[in-house]
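Thanks for making time. I will go through one model today, side chain by side chain. Please have the display open.

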Amino acid sequence: MRASACLLASLLILTGCDSSTHSPARWLELTGQGGAYDIAIAPGGHHAVVAAVTHGGSLWDLDQPARLYDWNHQAGEFSLLSVVDIAPDGRYALTANPQNLVLWNMDSGTAEGFWSSPGEILAADLSAGGNYALLGLANHEAVYFDIRHGGIKTSLRHPARVRSVALSGDSQLALTGADDYTARLWDLNTGKVKQELRLGNTVDTVALSPNGRYAFSSGSLDQALVWDTASGEPLFYLSGDETLFPRRLSYLSARFSGNSDRLLTGRADGTVELWDLNQATLIKRWKIHKRAAYGPTSSSVIGLAFGSDGNSWLAAGSNGFINWLE
């Protein structure tokens with residue numbers, strides 16, 4: 001899509017979408033009053049890994065619902081975990097604090113790898129099969145880390161802290177977002193940059209579609225857009241084109257559907273949006289559950305998943321609630 005068509009698409013999104021906002025069908029609290037630093041929801045929405053503020057890591061069965069395992073990095077104490085993730089096949093999970101990371105078997109609940117990180121961990125994305133993890137680090141690099149045997153397979157150097165990372169379904173491509181306002185698409189086989197996209201602020205969130213065709217990137221209180229990984233050209237803006245419609249929004253989470261035709265996004269103000277990538281349009285919008293109906297109790301959306309039935313979606317809030325959306 002060329003620039004003129006892209007601007008037209010952003011106009012259509014801003015003026016033509018259904019502006020109604022829906023409430024969750026139901027919700028479940030996982031953490032208590034302290035909330036969560038991070039929550040990862042497995043594909044299909046049957047499990048969630050939680051990095052709680054007050055009681056460390058845990059694996060939840062969302063269907064029962066029940067807390068299955070406590071996952072902490074040291075026996076007898078709650079670990080202060082900052083990042084969690086689940087592999088695309090839903091069999092393995094990762095938990096990380098700034099200094100180290102652990103690979104967990106979700107069936108047995110046992111740890112299969114414990115490693116020290118080469119830098120402070122700011123973000124992580126676990127590959128299929130739980131064999132590798134793409135880590136975004138504060139030391140100005142992203143590393144493709146062998147989480148089963150240890151060691152760095154590929155190092156991707158940046159001029160600033162790497163705040164967000166994402167892998168394609170085949171782990172051939174990596175997308176990174178850094179504090180230099182730039183999203184970069186990398187070839188993991190060569191370690192070379194394929195595309196770069198400049199935003200207007202720190203890149204909070206990136207995501208790659210499973211087929212590697214689409215990328216999502218958003219800046220803090222800045223633009224959010226979907227772009228083509230082959231050409232590097234924007235396809236449409238979720239937040240409005242800054243030159244025409246400045247909208248100061250922060251998107252903190254994003255998840256593409258398994259067949260790469262839908263996109264779920266979560267914002268810092270508790271808004272979840274479902275997008276049609278083929279039509280470049282907003283399908284539906286929700287607000288996640290708050291602890292209280294009134295007052296400063298809004299929750300940021302920190303985790304997302306498509307339900308297994310194709311007609312439901314899940315969103316995790318920083319207040320520790322899982323929300324089922326219909």
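I will take the ring pairs, then the charges, the nonpolar residues and a few backbone points.

First, the ground rules. This is a predicted model, in which local features need pLDDT of at least 70 and side-chain atom pairs count only at pLDDT 80 or more, while totals for chains, interfaces and linings use all residues. Residues are numbered from 1 along each chain as its sequence is written, and side-chain values use heavy atoms, with hydrogens and water left out.

Let me start with the rings. Rings of Phe, Tyr and Trp (for Trp, its six-membered ring) pair if their centres lie within 6.5 Å; planes under 30 degrees apart count as stacked, over 60 as edge-to-face and the rest as tilted. By this rule there are 7 aromatic pairs. One of them is tyrosine 132 with tyrosine 144, which is stacked, at 4.8 Å centre to centre and with 20 degrees between the planes. Tyrosine 132 sits in strand β11 (residues 132–137) and tyrosine 144 in strand β12 (residues 141–146), so the pair links distant parts of the chain, 12 residues apart. Strands here are DSSP runs of E, at least two residues long, and are numbered from the N terminus.

How exposed are these two? For this I use relative accessible area: buried is under 20%, exposed is over 50%, and partly exposed is in between, with a 1.4 Å probe and protein chains only. Tyrosine 132 is partly exposed at 22%, whereas tyrosine 144 is buried at 5%.

Next, tryptophan 286 and tryptophan 313. Their ring centres are 5.4 Å apart and their planes are at 45 degrees, so this pair is tilted. Tryptophan 286 belongs to strand β25 (residues 281–287) and tryptophan 313 to strand β27 (residues 313–317), so the pair ties together parts 27 residues apart in sequence. Tryptophan 286 is buried, at 0% relative accessibility, and tryptophan 313 is buried as well, at 11%. Elsewhere, ring pairs join Tyr69, Trp71 and Trp104 into a cluster.

Two arginines lie over ring faces. The criterion is NZ of Lys or CZ of Arg within 6 Å of the ring centre and within 35 degrees of the ring normal. Arginine 26 is over the face of tryptophan 324, 3.9 Å from the ring centre. Arginine 148 is over the face of tyrosine 92, at 4.5 Å.

Now the salt bridges. I count one when a side-chain nitrogen of Lys or Arg is within 4 Å of a carboxyl oxygen of Asp or Glu. The count comes to 14. Glutamate 29 and arginine 291 form one of them, at 2.8 Å, N to O. Glutamate 29 is in strand β1 (residues 26–29) and arginine 291 is in the loop between β25 and β26 (301–306), 262 residues apart. Both ends are partly exposed: glutamate 29 at 31% and arginine 291 at 29%.

Arginine 157 bridges to glutamate 141, with the closest N and O atoms 3.6 Å apart. Arginine 157 is exposed at 52%, but glutamate 141 is buried at 9%.

Salt bridges with shared partners join Arg267, Asp269, Glu273, Arg285 and Lys287 into one network.

On to the nonpolar core, a set of buried Ala, Val, Leu, Ile, Met, Phe, Trp, Tyr and Cys residues joined through side-chain atoms within 4.5 Å. The largest has 17 residues, of which Phe216, Val226, Phe236, Leu238 and Leu263 touch the most other members. At least two residues each come from β19 (214–219), β20 (224–228), β21 (234–237) and β22 (251–256). The largest share, 3 residues, is from β22.

Last, the backbone. Most residues other than glycine have a negative phi, and most peptide bonds are trans. The bond from glutamine 64 to proline 65 is cis, with omega near -15 degrees, and proline 65 lies in the loop between β4 (56–61) and β5 (66–71). Serine 260 has a positive phi of about 65 degrees and is buried at 3%. Alanine 280 has a positive phi of about 55 degrees; this residue is in the loop between β24 and β25 and is buried at 9%.

That is the list.

Note on methods:
Helices (H or I, at least four residues) and strands (E, at least two) are DSSP runs, numbered from the N terminus.
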